Amino acid sequence: MKEFLQFDKMITPSIIKFVFWIGAGLSVLFGLIQIFAGIASSFGGGLQVVSGLLTMVFGPVLIRIYCELLIVFFKVQETLQEIKNKGNHPM
């Protein structure tokens with residue numbers, strides 16, 4: 001509990017994993033909406049269908065890359081914290 005209150009242990013990496021799954025799900029849902037809107041269109045819906053497919057494929061990938069970049073910042077922070085703690089204890 002002390003680590004949590006002094007911000008020595010970060011909870012954000014766990015939240016980022018949850019955000020990824022929400023973002024990936026929304027990306028797929030939005031892609032499906034685009035596909036069905038393109039199919040329902042009376043004319044010119046082909047581009048919308050392709051756009052929906054691209055959103056379903058590349059949306060989760062881009063969200064994953066973004067979340068991984070955020071997690072890298074926290075891993076750097078954890079490593080720096082470990083280095084700091086090693087420096088405080090004599091060998």
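Mentor: Before we start, a nonpolar core here is a set of buried Ala, Val, Leu, Ile, Met, Phe, Trp, Tyr and Cys residues joined through side-chain atoms within 4.5 Å. Buried means under 20% relative accessible area, exposed over 50%, and partly exposed in between (1.4 Å probe, protein chains only). This is a predicted model: local features need pLDDT of at least 70, side-chain atom pairs count only at pLDDT 80 or more, and totals for chains, interfaces and linings use all residues. Residues are numbered from 1 along each chain as its sequence is written, and side-chain values use heavy atoms, with hydrogens and water left out.

Trainee: Thanks! Which residues make up the largest nonpolar core?

Mentor: Six of them: Ile 16, Phe 20, Ala 24, Cys 67, Ile 71 and Phe 74. The elements giving two or more residues to this core are α2 and α3 (46–88). Helices are DSSP runs of H or I with at least four residues, strands are runs of E with at least two, and both are numbered from the N terminus.

Trainee: What is Ile 16 in contact with, leaving aside neighbours within four places in sequence?

Mentor: Cys 67, Leu 70, Ile 71 and Phe 74. Contact means heavy atoms within 4.5 Å.

Trainee: And Cys 67, is that buried or exposed?

Mentor: Cys 67 has 6% relative accessibility, so it counts as buried. It lies in helix α3 and, with neighbours within four places in sequence left aside, is in contact with Ile 16 and Phe 20. Its C-alpha atom is also 9.9 Å from that of Phe 18, although the two are 49 residues apart in sequence.

Trainee: Back to α2. Which of its residues are buried?

Mentor: Pro 13, Ile 16, Phe 20, Gly 23, Ala 24, Ser 27, Gly 31, Gln 34, Ile 35 and Gly 38. α3 is included in what covers them. Take Ser 27 in helix α2: it counts as buried because its relative accessibility is 9%. Beyond four places in sequence, Ser 27 is in contact with Thr 55, Met 56, Gly 59, Pro 60 and Ile 63.

Trainee: How far apart are the end C-alpha atoms of α2?

Mentor: They are 41 Å apart, which agrees with the 42 Å that its 29 residues should span at 1.5 Å a residue. The expected span is 1.5 Å times one less than the number of residues.

Trainee: New topic: which residues make the nonpolar surface patch?

Mentor: Among them are Met 1, Phe 4, Leu 5, Ile 11 and Ile 33, in a patch of about 1,200 Å². The elements giving two or more residues to it are α1 (2–5) and α2 (12–40), and α2 gives the most, with seven. Patch residues have over 30% relative accessible area and no salt bridge; like charges are joined within 9 Å, nonpolar side chains (Val, Leu, Ile, Met, Phe, Trp, Tyr) within 5 Å. Areas come from the Shrake-Rupley method with a 1.4 Å probe, and for residues only the protein chains shown count as cover.

Trainee: Why does Phe 4 count as partly exposed?

Mentor: Because Phe 4 has 44% relative accessibility. It lies in helix α1.

Trainee: Last one: how many salt bridges does a search of the whole structure find?

Mentor: One. Glu 68 pairs with Arg 64, the closest N and O atoms being 2.6 Å apart; the criterion is a side-chain nitrogen of Lys or Arg within 4 Å of a carboxyl oxygen of Asp or Glu. Both residues lie in helix α3, four residues apart, about one turn of the helix. An α-helix has 3.6 residues a turn, so residues three or four places apart point the same way. Glu 68 is partly exposed at 40% relative accessible area, and Arg 64 counts as partly exposed at 44%.
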